[in-house]
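Subject: Structure handover

Hi,

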Amino acid sequence: MLQSMRSAAKYIWIFIIVAFVGSFLLYETSGLAGRAPVTTTTSIATVNGEEVLLTTWQNAVTALEQQQQQQSGRGVTLDERQQLEDRAFDEIVTEMLLQQEYKRRGITVTDEEVVQAARMSPPPQATTSPDLQTDGKFDMQKYLRLISSPMARQSGMLAGLEAFYRNEIPKQKLFDQVASSAYVSDERLWQVYSDRHDSATVSFVVLRTDALTDTSVTVTDAEISQFYDRNKKRYERPGRAIVSLLTVPRTVTAADSAAARTRIDQLRAEIVGGAKFEDVAKRESTDSISGAQGGALGKGGRNRFTPKFEEAAYALKVGELSQPVLTPFGWHLIRVDDRKGDTLDLRHILVVVGQTDSSATRTDRRADSLANLGASQEDAKKFDDAAKTLGLTAAQVVVVEKEPLSFAGRYVPSVSAWAFSGVRSGESSDLFDSPEAYYIARLDSITKGGQQSLAEVKDDIRRRLTRDKRIDKLAPAGEALVAAARAGTLESAAAAKGLTVEKSNSFSRVDAVPGLGQFTQAVGGAFAVAAGQVGGPFRSLDGMVVLRVDARTNASKEAFEAEKANQRAQLLQQMRQQRIDEFLGNLRQHTKIDDRRTEVMSQLRRQSGT
């Protein structure tokens, strides 16, 4: 069987069964070399001295991009591509680190292990494939017949299986080693259960710093320096760029809106006249995802859709076709295929209220003029001249690295990724488009991200430490309030100081409590103070808290015993995953990575003249 696996393909990275005959994704290390004048040995990074080839990374990005396009039914923006590039790079780095760790630990995979896994442990893509199921459940015999068929060998599926298991088996061995010592005692299980099921209700008073008469505190440079050294990761900032942005909006006119309403009326008349709803949805609906399924939105309860849509849907009888319904997404026709209580099985057809062909043509021509007049990789003045010629006003906006740009309440696609792709100040972008507008950007300035210096964040740290010290100054007033409340009542003690007593709802140790926060001393104090007693002062987010425990209920031992086995399995799985995540994090933290992607891609872009 193993020989048959190897005979079908040289190297297959990802195995995915999509139909009964299956399919797989080829991932060859030289497949994209012809797209740009670079060699197959061009390196974009090193991981502990081991090179990552440009072609390897590009192929991985392309594989992820194709997968996303298949899922979304559209192309990806530069912002989305940047996310895929980072994801692909991280996956490659992780795989290289794992391979290095396998070698260090002597972890190997035998041919027998691969064959046994292929026969006994189908990959997740196989177990979820509808074509390998019988009566809605995975059919092991179908799977075994599939991998034994000549078609599986000829298509490369067996080679894909071998690649999959040669990747997964050593990973599982490593993770078993890392997490093998995970253990959960009964005491730990009870503690976790109690944290979630013990409950308390409290009355409380918050003393805030604005009530201080003496607000003077001293924060020394040594304290600031110590805080900075302990919290350096907090002060890593992304890159920032200033870009000038020109916008050609896709303005929707009253005539465009009327045309959309006319179109939805025509589609309704067609269905009433005998056309199948499903066929019209596939042909006409601008909701491409549901449209491909005949308009199907699936089964579900309330609060899935916008209020206008739901109001119309729940007013329909089964099989009834709605009148046109207007929502922020456009005009809809709705049909209910089935109803059980509040659960509806729905279909819809969507006609977006957008520009008509004639309006869109005028906008497109204006955008093309902007692209022709303003596009330049060297002459920043052409951008300004284009704006003047077309009567457009450039807006200066701040772009943050790895954050999509929003401007005037709208997402502006691709500009953020473009600004940090290695372009130079003064360069103009290509024409980017969205459903709302066309955009061209010019990079005016750029500041690299990285670790902020102590001098840059000194004032912020001083304000933080000053706030903390002012809260500490509330402790004497809090202690006095506790004493007065214990001598009388919390309400009388608070009234004497002009303070307000607040009451909480019932909460557990892990809940976020309005006024008390989450995982704060005040929340913990509610479970440390005896019921009916006053305790504190406890530090909260913005002051000191004095509280009285009005009621407390302890978790049920009987309920715990009934759930203990399932809870143990869940917690043990969480602990194992936590140890694996920590191991991978430590592995990455102690890795020497030289990432030169931006520089290489900038050079590649200039070589190709784009």
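Arg463 is exposed in this predicted model. Its relative accessibility is 52%, and the cut-off for exposed is over 50%. The side chain of Arg463 forms a salt bridge with Asp460, with N and O 2.3 Å apart. Asp460 is partly exposed, at 41% relative accessible area. Both residues sit in helix H18, three residues apart, so about one helical turn separates them.

Lys469 pairs with Glu223, and their closest N and O atoms are 3.0 Å apart. Lys469 belongs to helix H18 (residues 454-472) and Glu223 to helix H10 (residues 221-230), so this pair ties together parts that lie 246 residues apart in sequence. Both partners are partly exposed: Lys469 has a relative accessible area of 24%, and Glu223 is at 27%.

Next, Asp186 and Lys564. Their side chains meet in a salt bridge, at 3.5 Å from N to O. Asp186 is in helix H9 (residues 186-197) and Lys564 is in helix H22 (residues 557-589), so the bridge links parts that are 378 residues apart in sequence. Are the two partners buried or exposed? Asp186 is partly exposed, with 35% relative accessible area. Lys564 counts as buried, at 18% relative accessibility. The cut-off for buried is under 20%.

There is also a network. Salt bridges link Asp86, Lys402, Asp595 and Arg597. For the whole structure, the search finds 45 salt bridges.

Four strands make up an open sheet, in the order E14-E9-E18-E17. The pairing is antiparallel. Which strands are at the edges? They are E14 (395-400) and E17 (432-433), and each pairs on one side only.

Strand E9 covers residues 240-249. Strands E9 and E14 pair in the antiparallel sense over six bridges.

Helix H16 (residues 380-390) lies across E9 and strand E18 (437-447). Helix H16 runs at about 145° to E18.

Send questions as they come up.

Best wishes

Note on methods. Residues numbered from 1 in each chain as written. Predicted model: local features only at pLDDT ≥ 70, side-chain atom pairs only at ≥ 80, totals over all residues. Heavy atoms only, no water. Pairing = 2+ DSSP bridges. Helix = DSSP H or I, 4+ residues; strand = E, 2+ residues; numbered from the N terminus. Contact = heavy atoms within 4.5 Å. Axes fitted to C-alpha atoms, helices over the stretch in contact; angles between N-to-C directions. Salt bridge = Lys/Arg side-chain N within 4 Å of Asp/Glu carboxyl O. Buried < 20%, exposed > 50% of the residue type's maximum accessible area, 1.4 Å probe, protein only.
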